[in-house]
Amino acid sequence: MKKIMLGNEAVARGAYEAGVRFVSSYPGTPSTEITESTVQYKEIYCEWAPNEKVAAEAAIGASIAGGRALSCCKHVGLNVMADPVFTVSYTGVNGGLVFAVADDPGMHSSQNEQDSRHYAEAAKILMLEPSDSQECKEFTRRAYELSEQFDTPVFLRLSTRVSHSQSTVELLDRAGDEIKDYSKNIPKYVMMPAMAIRRHVVVEERMKALREFAETTDLNTVEDNGAKIGVITSGISYMYAKEALGDRVNFLKLGMAFPMPEKLIRDFCAKCEQVFVVEELDPVIENHVKALGISVSGKDVFTLLGEYTPAMIRKAVFNEESASHYVQETEIPNRPPVLCPGCPHRATFYVLKKLGLTVSGDIGCYTLGAAAPLQSVDTTICMGASVSAAHGMTKIRGTEFNKKLVSVIGDSTFIHSGITGLIDIVYNKGANTVIILDNSITGMTGHQDNPATGKTIYGEETKAVDLVLLAKAVGIERVVVCDPFDVKKFEEVVREETAADEPSVIIAQRPCALLKYVKYEGHCKVNEETCRKCKMCMRIGCPAITWKDGAVKIDLSLCNGCGLCMNVCPFVAIEKEA
Amino acid sequence: MSTKNIMITGVGGQGTLLAVRILAHIVQEQGYDVKVSEVHGMSQRGGSVVTYLKYGDKVYSPIIGLGEADTILSFEKLEALRCLPYLKEGGEIIVNDQEIDPMPVITGAMEYPKDIEETLRAYAKVRLVKAGELAVEAGNTRTANVVLLGAMAAAGSIPKETWISALKDTVPERFLEVNLKAFDLGYAAAEA
């Protein structure tokens, strides 16, 4: 049977067919839909973990216990996951173990553009790289066979265009889901120095075997078109290069991104007069080929930045330009992402901007609080850094600065890695104010439940982490819960808590406007008679409020009736309309 | 068959994804190789959203380059203009007659271009559809995306019945009637 699937859905299907029993992940674009799609397969147990490290460790446990296991993350999630990953490379597996990691060239939804292939080399872990949905499914299935055959965890490297493209997949039945025996094996699974020293030897032997395997596996394919030019490529870049260059070049497509073959590459290059390496982001393949003493073109003609296109490749290899018959002559307004109409974060940032506070930001929808016109956020580094970085800022700039400083972090992000920063503040006698933007969901990645929502990935009721009690338990005595849409009250609370000489937590509580149960009555409308055109309502940066023909207008097709504009209008000139 | 390239563009939240999934379902049922490239995550939050759909005997790249699109289906006028450089010479644009101000216009940093329709018509065959009004007529403002799909169907060569059966396969039962009506209104508007 054939079905059209997202790359991510195909990875989930591959996991199902491979007999996977356990999936634990933290959401992260562009990887999220893998885990969301595994939920449909009753044979697989799935969960959202508090962060990627916990998810990977849970998957490692499942593997040691004898079940095939999967953990998925985005490229920066792999940084969080790295600690257990490097050591499970030493222990190896019992049930097959795969880490699916999705890079984001072009940074559609990320804070950096790191290339996760470096992790494969650094952690000495086999890495496969599919280039369409069929390969996503097939390579996932193969990854489990290889994991058990070579006693190694396996990376499956994806990228945004592979994860979020749909193409046809041939479906197979599920096989190999029996749970393997578990027996205590201290030399293999207890990584203290005496054992780890021996396991490192095993890792190097495994690497040798994998390098030999890379020479002959059908995961690496040669397409000999009898051409003078050769192209070495992998992943989505293969698809771009194939479309751009067709049969005019020979291809070596590396389905196995690590380790890479030597003889196969030498033989391929020997038959070509000129060889190009086509790979997005870093010159990983290029450096490998050059280390073999082979001269190739790579980053001398291709960029290190962003995504590639077929046109770019055609230009670099054959110097052929693609033409467009219309060229944009005047600059047209761009359309950056914005906080949605009705977003609770808008109210929070409106107040923080009004008070002129320095805002230590974090990762989530609320990072958009840095965009015009709110421009409230000062820093965004990674998940959790809003809390810990603010602590460092205060220690350098002192008490007065601290009274004009807050951290903002979402509920899911706080549980992911904000808690430890908060402990740092309490333990080291800080007096920071941390605002937890509790919108009752993991918003940016598309509404996943988390430990604070009281629901599992299956939508079943479970214990919810009580953020108030949690903050109190780590030693915060000033904990205030406040609705940011009550703008006056919220402003008062922020003033009080930032002025205090001890640490505080404000829980800004209002659910995401996109949640199904969030319904506001009617729409907001400007009363043109009472409106004084002060444009105060436009300062909140609501996409539904515009200035047209000398008046403030609210677009009914965008307004969800949240009423925040009514709360900030000093002349009561905005009314509710049914 | 050589590859057909369709770009579907709009503003995050307008429902472009549903439209493209229905279209993908149809071309796959017709036996073509099909690839769709979607946008998820931060870019979805009220920003420009571009989805590519390509079908033919064999499709490699899921993305469409400058001057390569046969058809652009745009849910918003400015977004149609933004994608115009991607249109093939002789290509067609089906565009919703809706203007949504982007943030640089809201903050007053830039103006919303005034002559979009004329520019589009100078370079392409244009079908302008009042999808918002027709969606209201169908009975639900949220069916504007299906109105546009109807317009798209009228512009293309795939039989109307195929579209209707695809809608029946993809739209939940309780929303089916209003969506079929929206589709019909869009179809009729584009034929006219």
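How many bridges join strand β4 of chain B to strand β5 of chain B, and in which direction do the two run? Five bridges join β4 (residues 69-74) of chain B to β5 (residues 87-96) of chain B, and the two strands run parallel; strands are DSSP runs of E of at least two residues and helices are runs of H or I of at least four, numbered from the N terminus, and two strands pair if DSSP finds at least two bridges between them. This is a predicted model, in which local features need pLDDT of at least 70 and side-chain atom pairs count only at pLDDT 80 or more, while totals for chains, interfaces and linings use all residues. Residues are numbered from 1 along each chain as its sequence is written, and chains are lettered from A and ligands numbered from 1 in the order in which they are written.

**The sheet with strands of both chains**

- Eight strands form an open sheet with mixed pairing, in the order β1(A)-β8(A)-β2(B)-β3(B)-β1(B)-β4(B)-β5(B)-β6(B).
- Because β1 (2-6) of chain A and β6 (125-129) of chain B each have a single partner strand, they stand at the edges, and one side of each is left without a neighbour in the sheet.
- Direction ignored, neighbouring strands of this sheet are turned by 20 degrees against each other on average, the axes being lines fitted to C-alpha atoms.

**Chain A as a whole**

- Chain A has 19 helices and 22 strands, and its C-alpha trace spans about 80 × 65 × 50 Å along its principal axes.
- An automatic or database domain assignment gives domain 1 (2-216), domain 2 (220-318), domain 3 (344-509) and domain 4 (523-577) of chain A.

**The seven-stranded sheet of chain A**

- This open sheet has the order β3-β2-β4-β5-β7-β6-β12 in chain A, with mixed pairing, and its edge strands β3 (45-48) and β12 (256-258) each pair on one side only.
- Strands β4 (residues 69-74) and β5 (residues 97-103) of chain A run parallel and are joined by six bridges, with Leu97(A) as the bridge partner of Ala69(A).

**Buried parts**

- Buried residues, those with 20 or more other C-beta atoms (placed from the backbone) within 10 Å of their own, make up 53% of the 578 residues in chain A.
- In helix α10 (residues 235-245) of chain A, 11 of 11 residues are buried, and what covers them includes β7 (154-159), β10 (229-233) and α13 (310-318) of chain A.
- Just after α10(A), Gly246(A) takes a positive phi of about 55 degrees.
- The largest nonpolar core holds 226 residues, and Ala100(A), Leu156(A) and Met7(B) are among those that touch the most other members; a core is a set of buried Ala, Val, Leu, Ile, Met, Phe, Trp, Tyr and Cys residues joined through C-beta atoms within 7 Å.
- Helix α6 (residues 144-155) of chain B gives the largest share of this core, nine residues.

Methods. A residue is buried if 20 or more other C-beta atoms lie within 10 Å of its own, exposed if 12 or fewer, and partly exposed in between; C-beta atoms are placed from the backbone. Axes are lines fitted to C-alpha atoms, for helices over the stretch in contact, and angles run from 0 to 180 degrees between N-to-C directions. Two residues are in contact if their C-beta atoms, placed from the backbone, lie within 7 Å.
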